[in-house]
Amino acid sequence: MPKMKLWGRTVRLPRSRPLRVVMGFAFIAMGLVGFMPVVGFWMIPVGLAILSVDSPLARRFRRRAEVWVLRRYNRWRGRDGGST
């Protein structure tokens with residue numbers, strides 16, 4: 001069964017590839033109307049993460065974004081005087 005790790009939690013995904021693809025695109029589409037209540041812009045990265053299980057293009061984009069965010073965070077934390 002496909003699994004995905006988000007924010008330190010493991011999330012199980014459906015076994016069906018078409019269902020995962022539909023879920024990923026649905027999350028992204030709902031994230032585009034993030035100004036509405038309940039749905040939000042947070043749904044776009046979650047949709048990309050779901051798509052990255054099956055799509056090499058989405059996986060590459062997710063990995064690059066993850067590296068970029070972690071570099072920024074570490075740089076910020078270093079300037080902040082964090083103990084590492």
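The largest nonpolar core of this predicted model consists of 5 residues: Met4, Leu13, Val46, Ala49 and Ile50. Helix α2, residues 43-51, supplies the largest share of this core, namely 3 residues. Leaving aside residues up to four places away in sequence, Met4 touches Arg9, Thr10, Val11, Leu13, Ala49 and Ile50. In general terms, nonpolar side chains in soluble globular proteins tend to be buried together.

Helix α2 also packs against another helix. Two packed helices are described by the angle between their axes and the distance between the axes. For α1, residues 17-32, and α2, the angle is about 165 degrees and the axes lie 7 Å apart. Angles over 145 degrees count as roughly antiparallel, and α1 and α2 are therefore roughly antiparallel to each other. The crossing of α1 past α2 is left-handed.

On the α1 side, the contact is formed by Arg20, Val21, Met23, Gly24, Phe25, Phe27, Ile28, Met30, Gly31 and Leu32. These meet Met43, Ile44, Val46, Gly47, Leu48, Ile50 and Leu51 of α2. Sorted by class, the residues of this contact are 13 nonpolar, 3 polar and 1 charged. Val46 and Ile50 of α2 take part in this contact and are also members of the nonpolar core.

Is Trp68 buried or exposed? Its relative accessibility is 52%, so Trp68 counts as exposed, the cut-off being over 50%. Trp68 and Gly40 are 28 residues apart along the chain, and their C-alpha atoms are separated by 22 Å.

Technical notes
Residues numbered from 1 in each chain as written. Predicted model: local features only at pLDDT ≥ 70, side-chain atom pairs only at ≥ 80, totals over all residues. Heavy atoms only, no water. Core = buried A, V, L, I, M, F, W, Y, C linked by side-chain atoms within 4.5 Å. Buried < 20%, exposed > 50% of the residue type's maximum accessible area, 1.4 Å probe, protein only. Helix = DSSP H or I, 4+ residues; strand = E, 2+ residues; numbered from the N terminus. Contact = heavy atoms within 4.5 Å. Axes fitted to C-alpha atoms, helices over the stretch in contact; angles between N-to-C directions. Parallel < 35°, antiparallel > 145°, perpendicular 65-115°, else oblique. Left-handed = near helix turned anticlockwise from the far one by under 90°. Nonpolar A, V, L, I, M, F, W, Y, C, P; charged D, E, K, R; others polar.
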